[in-house]
Amino acid sequence: MGKIIESKITQFNGGMVNDRRSTDTRYAAVVKHFDIKTRPHALVPYRSFEDGDSSSSTQKIVNIIPVGSTLYGLGVVSGTARVKVFTKTDLSNATWTTPGNGESASRTRQEDVFVYYRKVNKVFGLHGGDQAWSHTVGGAAFSETAQAIAYTNAAQGLVHSKDDVYYQPYDNKIATNNNDSWTAAALTLPSDIIITSIFEQGNYLGIACRSQQSAGKSRVYLWDRDSSVATLSENIDFGTGDLMVAEEMDGGILGISRLGSSSEIFNPKVIFRYWSGGSGARIIKEMECDVSGTFSLGIEKQKNNGTLYFSLTITQNGTQNLGVWAVCTSSDGLSVWLDRVSTAAPDNFLIHGNYAFIPSSSGATMEKSDDQANFTTTSAYESLIFNLGDSAIYKDLVRASVMFEPLPANGQVVFKYRVNAETSYTTLFTHTTDDAIAQSVVTDLPKHFREIQFRIESTGGAVITGFKFQAELIDKDL
């Protein structure tokens, strides 16, 4: 009898890693539709989605922001591309209402810009390629021409907490609105860049930019918000690729770039860089897309309780993973995972308390977290590839177990494996016994494999707390 080796995995907060043969078992090949941050030693499934807008085919809400206890949605006048504002106070249903004076008479909406400015009690956006519009909260008025802003590209604006001024990026410029007094442009950057993301960096305004040149370098500028001087406080190199999302994280700056396929790049990839001082940001993680896979990284983002959410569609190992992703930093590095799985690529999203709202297909559909405790969406975890120290040596699986919190009435855990070069998984067991806390399998296990990978699927609210397996080393290799 050969040597028996047991492996036990009970920590999951490392997120996903590109190298599936990593030996750090906090990481995984795939983690989707699980909360891995709140409880590092558990995979806690999210509720499934339901319809978030019963009139999405005509309202086409693409962007959602909170205004006090009310959600505001950026939609259209039915049958047109003109701006129409919608509101929601009851998160449990799919109904959106229309405030008075909430629509434009002309121009096509810009989908990425939707900002609430408390100081003047208005929501703002852009439309028509030449104007900012405004709607006074409470339905008092709608202005088609709040400010002339000629733009080709635009990114989401923000109100800086230091000076209570609204900053709106467009092309290579920043417009400001101070208590309804506009300056356009308050800042003009080099003409060969496009602003994709702005954020607060202490007292500064961080401005993330991508190059208009193919395979050009991206940059982040730090601006002290003093429009009377042209000198910027920092000009930070964020490397090759299109910097699409940037945000302050743990005092530094986290940037997420896309490097698309080209004659020089075979595999598109997402690159995570971090800057904490010095002249340039350093790469801390990369995620590759399959050569012929679908790949799309948006500029949508939301920072919430130290976690940065962003939208990504990427094909990995033949599987398309799309929805709202999450990334956070820790003393151990960077954790990235597919936080909420959507059925279509998000136009935008909002994480609001325990709810997630994800509009897609230019607002033609909207998903929201179910207000009832339904868990029909499959939450999935795929382990790293295990070779038990040597891929040349054969192994026999002797025993495998999954541990979980007491299964609820509809709880189900499915445990699968694949070995060597297999591309599909084989089911070891499906367990549904109420109140069970573990299940093991000792028969019909794979023999004479060199590498093995496991997959755990949760539905019905099953919370996974760990898994383990025993394998016997067979005394032969080549």
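Me: Let's start with β28. How many bridges join β28 to β29?
Reply: Nine, and the two strands run antiparallel. This is a predicted model, by the way.

Me: What sits between β28 and β29?
Reply: Two residues, in a hairpin. Asn 317 is in the turn, with a positive phi of about 55°.

Me: And on to β30: how many bridges join β29 to β30?
Reply: Eight, again antiparallel. Within that pairing, Val 324 stands opposite Arg 340 in β30.

Me: Where else does Arg 340 turn up?
Reply: In the lining of the second largest pocket, where Arg 340 is among the residues closest to the centre, along with Asp 35, Tyr 46, Gly 353 and Asn 354. That pocket has 21 lining residues and about 500 Å³ of space.

Me: Which element gives the most to that lining?
Reply: β30, with three residues. β6 (44-45) and β28 (307-316) each supply at least two as well.

Me: How does the lining of the second largest pocket divide by class?
Reply: Evenly: seven nonpolar, seven polar and seven charged residues.

Me: OK, now the largest pocket. How much space lies in it?
Reply: About 850 Å³. The largest pocket is lined by 31 residues, and the ones closest to its centre are Gln 156, Gly 157, Leu 158, Lys 301 and Gln 302.

Me: Which elements give two or more residues to that lining?
Reply: They are β8 (63-67), β11 (115-117), β15 (158-160), β19 (193-201), β23 (242-249), β27 (295-304) and β31 (350-352).

Me: And the classes for the largest pocket's lining: how many nonpolar, polar and charged?
Reply: The lining divides into 16 nonpolar, eight polar and seven charged residues.

Me: You listed β31 there. Which sheet has β31 in its order?
Reply: An open sheet of four strands, ordered β7-β33-β32-β31 with antiparallel pairing. β7 (49-51) and β31 each have a single partner strand, so they stand at the edges with one side left without a neighbour in the sheet. On average, neighbouring strands here are turned by 25° against each other, ignoring direction.

Me: Switching to β1. What's the strand order of the open sheet with β1 in it?
Reply: β1-β40-β35-β38, four strands with antiparallel pairing. The edges are β1 (4-9) and β38 (438-441); each has a single partner strand, so one side of each has no neighbour in the sheet.

Me: Now β34. Are its faces covered or open?
Reply: Both are covered. Ser 379 and Tyr 381 on one side, and Ala 380 and Glu 382 on the other, are all buried.

Me: Which strands does β34 pair with?
Reply: β4 (residues 30-32) pairs with β34 in the antiparallel sense over three bridges, with Val 30 opposite Glu 382. Four bridges join β34 to β39 (residues 452-459), also antiparallel, and there Tyr 381 stands opposite Ile 456.

Me: A couple of single residues, then. Is His 135 buried or exposed?
Reply: Buried, with a relative accessible area of 0%. His 135 is in β13 (residues 131-136). Leaving aside neighbours within four places in sequence, its contacts include Tyr 72, Val 85, Pro 99, Lys 122 and Phe 142.

Me: How far is the His 135 C-alpha from that of Gly 125?
Reply: 9.0 Å, with the two residues 10 apart along the chain.

Me: Last one: is Thr 176 buried or exposed, and why?
Reply: Its relative accessible area is 12%, which is under the 20% cut-off, so Thr 176 counts as buried. Thr 176 lies in β17 (residues 173-178). Not counting residues up to four places away in sequence, Thr 176 touches Val 165, Tyr 166, Tyr 167, Ser 181, Trp 182, Thr 183 and Ala 186.

Notes:
Residues numbered from 1 in each chain as written. Predicted model: local features only at pLDDT ≥ 70, side-chain atom pairs only at ≥ 80, totals over all residues. Heavy atoms only, no water. 1 Å grid on protein atoms, 1.4 Å probe; cavity = no way out; pocket = protein on both sides within 12 Å on 5 of 7 lines; lining within 4 Å. Points joined across faces, edges and corners; volume = space filled by probe spheres on them. Nonpolar A, V, L, I, M, F, W, Y, C, P; charged D, E, K, R; others polar. Pairing = 2+ DSSP bridges. Buried < 20%, exposed > 50% of the residue type's maximum accessible area, 1.4 Å probe, protein only. Contact = heavy atoms within 4.5 Å. Axes fitted to C-alpha atoms, helices over the stretch in contact; angles between N-to-C directions.
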